[in-house]
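Reader: I have a structure to go through with you. Could we take it topic by topic?

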Amino acid sequence: MDADFGSKRYLDLTFHIQTFGCQMNKHDSERIAGMLEGLGALPVATVEESDVTVFMTCCVREAADVRLMGQVSSMKNVPLRAGSPLQKRIVAIGGCIGQRDGGKLLDELDHVDVVFGTNNLASLPSLLDAAINDHERTAETVEESDAFPTDLPTVREHSWAAWLPITIGCNNFCTYCIVPYVRGREKSRPLEDIVSEARSYVASGVKEITLLGQNVNSYGRDLYGKPRFADVLEAVADTGIERIRFATSHPKDLTDEVIGKFATLPNLMPALHLPAQSGSDAILKAMHRVYTVDHYLGLIDKLRDACPGIALSTDIIVGFPGETEEDFQGTYDLVKRVGYSQVFTFIYSKREGTPAAKLVDDTPRSVIQERFERLRTVVEDGALAYNKASLGKVVPVLFEGPSKKEPGIATGHSPENINVHAIVPEGCSIDELVGQTRDVLIDEARTWYLRGRLA
Ligand code: SAH
Ligand code: SF4
Ligand code: F3S
């Protein structure tokens with residue numbers, strides 16, 4: 001990496017990052033903001049105000065992929081701001097589409113100057129330099145990087161919350177999924193590095209750390225020969241951080257030891273995202289998920305034993321190739337039975353290069369759409385039922401800011417990661433609440449949030 005953070009060579013330049021996709025991209029964007037601000041550039045909120053625009057892209061599903069490329073195309077005619085030191089706005093594409101398509105993007109989009117991949121964030125400043133100073137258009141993607149991108153500075157979105165990547169990449173190759181092809185093989189970060197980063201967050205006043213990885217449960221297999229995610233939880237809990245969360249868990253690797261941590265670590269929040277993807281063994285097999293519905297339900301029982309009231313959320317794909325009505329019914333029953341606090345439902349999207357793309361996909365679109373709608377009702381019923389259990393309870397809420405829609409209302413999250421809207425009494429300012437945990441008495445339960453008043 002040749003960025004010289006002392007030189008402030010980007011003074012007078014403004015930049016804007018548009019981020020799509022998962023927390024991996026969001027975190028990578030924080031690192032990019034850290035690098036560019038370190039070089040003296042000023043973050044701005046819109047493409048219009050920016051001299052440098054960076055798109056952090058996602059290709060996990062086709063709809064997002066297409067929409068995003070449309071957005072990149074259409075910004076071509078946005079004029080450069082008055083007073084810009086550049087002759088032309090510099091446009092960079094990073095993230096998973098950058099990794100997948102590389103130089104092809106430069107051929108297709110003549111207003112794009114830089115393409116970079118998911119493994120070479122640190123090259124961005126030098127690629128931008130070439131574009132700014134020498135009018136060069138470059139694409140640089142590398143298959144795998146040796147370094148974990150943790151030596152890069154970050155600018156976090158919120159002062160009270162931090163994402164902490166513990167692994168990058170994925171080895172699971174679920175047959176529908178593009179992620180292993182655009183994020184490379186799973187690589188774990190040494191435990192000492194994780195702990196020292198967590199300690200620095202605690203020292204700087206961070207209240208909540210979310211440990212990140214495509215499959216956090218297999219953390220350590222590459223470094224220590226066996227998974228050591230439970231050790232990570234223990235060590236991060238020991239730093240004294242107020243709240244710990246993690247994402248994502250693959251059911252095949254969720255161990256009893258990790259489940260047990262929900263019972264023993266008071267700062268591990270009672271919420272788990274455990275993607276089921278389907279409630280049919282045949283479909284799970286075709287997806288290469290390597291667990292059965294029974295195994296999954298067994299995990300749910302153990303989690304509820306260890307942590308009664310735990311909020312469970314999941315991801316479901318509807319319309320995987322060959323899904324029958326009976327397969328779908330299995331999914332519907334699973335969702336109904338578990339009673340999730342939240343379910344992210346996706347219609348299967350064919351991704352070229354994945355094994356599932358070769359499967360015969362002959363279920364009519366209308367049938368898939370109808371299944372998707374049917375699932376939505378059971379998802380909403382489950383979420384509302386889960387939230388109603390909080391009525392009349394006092395819940396500690398970590399506050400994030402004012403409600404965007406309603407004046408006088410502050411929003412934050414409960415330990416179960418449920419969005420809470422709280423009426424703030426006269427004389428108490430919402431700004432003062434931000435980053436603080438306060439008790440809220442819940443008096444209303446809606447499908448996607450709770451309402452209450454500061455206790
Ligand atoms: N590593 C995480 C997240 C992967 S992407 C995990 O394993 O859970 C997030 C979600 O997108 C997946 O859980 C899956 O439900 C969905 N997804 C991935 N590929 C998809 C595809 N081709 N079509 C529809 N949904 C997909
Ligand atoms: Fe994709 Fe499966 Fe890896 Fe998740 S575990 S990123 S769904 S291949
Ligand atoms: Fe999308 Fe890449 Fe994440 S494809 S979901 S941004 S890993």
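Author: We shall discuss a ligand shell, a sheet and some backbone features of this predicted model.

Reader: Ligand 3, then. Which residues are around it?

Author: The residues around ligand 3 are Gly21, Cys22, Asn25, Cys58, Cys59, Val60, Cys96, Val179, Arg183 and Gln214.

Reader: How does that shell divide into nonpolar, polar and charged residues?

Author: Six residues of the shell around ligand 3 are nonpolar, three are polar and one is charged.

Reader: And which domains does the shell draw on?

Author: Domain 1 (14-140) and domain 2 (154-388) each contribute at least three residues to the shell around ligand 3.

Reader: Changing topic to the open sheet of six strands: what is the strand order?

Author: The order in this open sheet is 2-1-3-4-5-6, and the pairing is parallel. Strand 2 (42-43) and strand 6 (138-140) are at the edges; each has a single partner strand, so one side of each lacks a neighbour in the sheet.

Reader: How many bridges pair strand 1 and strand 2?

Author: Strand 1 (residues 14-19) pairs with strand 2 over two bridges, in the parallel sense. Thr14 has Leu42, in strand 2, as its bridge partner.

Reader: Which strands does helix 1 touch?

Author: Helix 1 (residues 23-38) packs on the sheet and touches strand 1, strand 2, strand 3 (52-57) and strand 5 (114-116). The direction of helix 1 makes about 175° with that of strand 1.

Reader: Now the backbone. Where is the cis peptide bond?

Author: The peptide bond from Ala247 to Thr248 is cis, with omega near 0°. Thr248 is in the loop between strand 11 (243-247) and helix 10 (256-264).

Reader: Is Val290 buried or exposed?

Author: Val290 is exposed, because its relative accessible area is 53% and the cut-off for exposed is over 50%.

Reader: And what about Asn417?

Author: Asn417 also is not a glycine and has a positive phi, of about 70°. Asn417 is found in the loop between strand 16 (409-413) and strand 17 (419-423). With a relative accessible area of 39%, Asn417 is partly exposed.

Definitions and conventions
Residues are numbered from 1 along each chain as its sequence is written. Chains are lettered from A and ligands numbered from 1 in the order in which they are written. This is a predicted model: local features need pLDDT of at least 70, side-chain atom pairs count only at pLDDT 80 or more; totals for chains, interfaces and linings use all residues. Side-chain values use heavy atoms; hydrogens and water are left out. A residue is near a molecule or strand if one of its heavy atoms lies within 4 Å of it. Ala, Val, Leu, Ile, Met, Phe, Trp, Tyr, Cys and Pro count as nonpolar, Asp, Glu, Lys and Arg as charged, and the others, Gly among them, as polar. Domain bounds come from an automatic or database domain assignment. Two strands pair if DSSP finds at least two bridges between them. Helices (H or I, at least four residues) and strands (E, at least two) are DSSP runs, numbered from the N terminus. Contact means heavy atoms within 4.5 Å. Axes are lines fitted to C-alpha atoms, for helices over the stretch in contact, and angles run from 0 to 180 degrees between N-to-C directions. Buried means under 20% relative accessible area, exposed over 50%, partly exposed in between (1.4 Å probe, protein chains only).
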